[in-house]
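Hello,

Here is the structure we spoke about, for you to look over. My notes on the pocket and the salt bridges follow below it.

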Amino acid sequence: MLIGQGFDAHRFAPGRRLVLGGVEIPHDQGLIAHSDGDVLIHALCDALLGAAGLGDIGRHFPDTDAAYAGIDSRILLRRVVASLAERSLGVHNADLTIIAQRPKLSPYIPAMSRTLAEDLGCEASRVNVKATTMEEMGFTGRGEGIAASAAVLLTER
Ligand code: MG
């Protein structure tokens, strides 16, 4: 078994969609990024790549490459999962945390688990998504952006 962890953060800006865990969430602003800004998927990709000893998301999908401008982060996630499969590695489980003061995310958590499990090729029960606030402290607490962390366990298939 191989363990990996990932972390990411993105800043809010008005006039952008907010997408977390592949699920679009109604909000008055979204996250700035070269891609669609899905900070949860970025943390998850880094955890998967880390477990496999394959570096990080920036190495595989550089933000200087126009091919990834505005890209759906699920496409990146599926590519990461495919490169793990080439190495006979699959996901045993993932445990994910979103750190955001607002919006309220609990209504969207089950859909995130289902969506991510589809891309990871495992049962939704193996993809645990949590959301927490920083009690109004720090950049997430002030509503400047959203952060996410991910832990994964890979197994050889
Ligand atoms: Mg990112």
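The largest pocket has a volume of about 230 Å³; please keep in mind that the model is predicted. Its lining is made up of 14 residues. Those that lie nearest the centre of the pocket are Ser35, His42, Ile57, Phe61 and Asp63.

Three elements each supply at least two residues of that lining: strand 1 (2–14), helix 1 (39–51) and helix 2 (57–60). Strand 1 gives the most, with 3 residues. Sorted by class, the lining of the largest pocket holds 6 nonpolar, 5 polar and 3 charged residues.

Now the salt bridges. Side chains of opposite charge can pair when their charged atoms come close. The structure holds 6 such salt bridges, and I describe some of them here.

Asp119 is the residue I would look at in this part of the model. Asp119 forms a salt bridge with Arg74, and the closest N and O atoms of the two are 2.7 Å apart. Asp119 belongs to helix 4 (residues 109–120) and Arg74 to helix 3 (residues 73–86), so this pair ties together parts that are 45 residues apart in sequence. How accessible are the two partners? Asp119 has a relative accessible area of 7% and Arg74 one of 14%. Buried means under 20%, so Asp119 counts as buried, and so does Arg74.

Asp119 also forms a salt bridge with Arg78, with 2.9 Å between the closest N and O atoms. Here again the partners come from two helices: Arg78 lies in helix 3 and Asp119 in helix 4, so the pair ties together parts that are 41 residues apart in sequence. Arg78 is partly exposed, at a relative accessible area of 39%, whereas Asp119 is buried.

These contacts are part of one network: salt bridges that share partners join Arg74, Arg78, Glu118 and Asp119.

Another salt bridge is found between the side chains of Glu24 and Arg17, at 3.1 Å from N to O. In the pair of Asp119 and Arg74, by contrast, Asp119 is buried and Arg74 is buried.

Regards

Notes
Residues are numbered from 1 along each chain as its sequence is written. This is a predicted model: local features need pLDDT of at least 70, side-chain atom pairs count only at pLDDT 80 or more; totals for chains, interfaces and linings use all residues. Side-chain values use heavy atoms; hydrogens and water are left out. A salt bridge is a side-chain nitrogen of Lys or Arg within 4 Å of a carboxyl oxygen of Asp or Glu. Helices (H or I, at least four residues) and strands (E, at least two) are DSSP runs, numbered from the N terminus. Buried means under 20% relative accessible area, exposed over 50%, partly exposed in between (1.4 Å probe, protein chains only). On a 1 Å grid over the protein atoms alone, a cavity is a set of points where a 1.4 Å probe fits but cannot get out, and a pocket is an open set with protein on both sides within 12 Å along at least five of seven lines; lining residues have an atom within 4 Å of a point. Grid points are joined across faces, edges and corners, and a volume is the space filled by probe spheres set on the points. Ala, Val, Leu, Ile, Met, Phe, Trp, Tyr, Cys and Pro count as nonpolar, Asp, Glu, Lys and Arg as charged, and the others, Gly among them, as polar.
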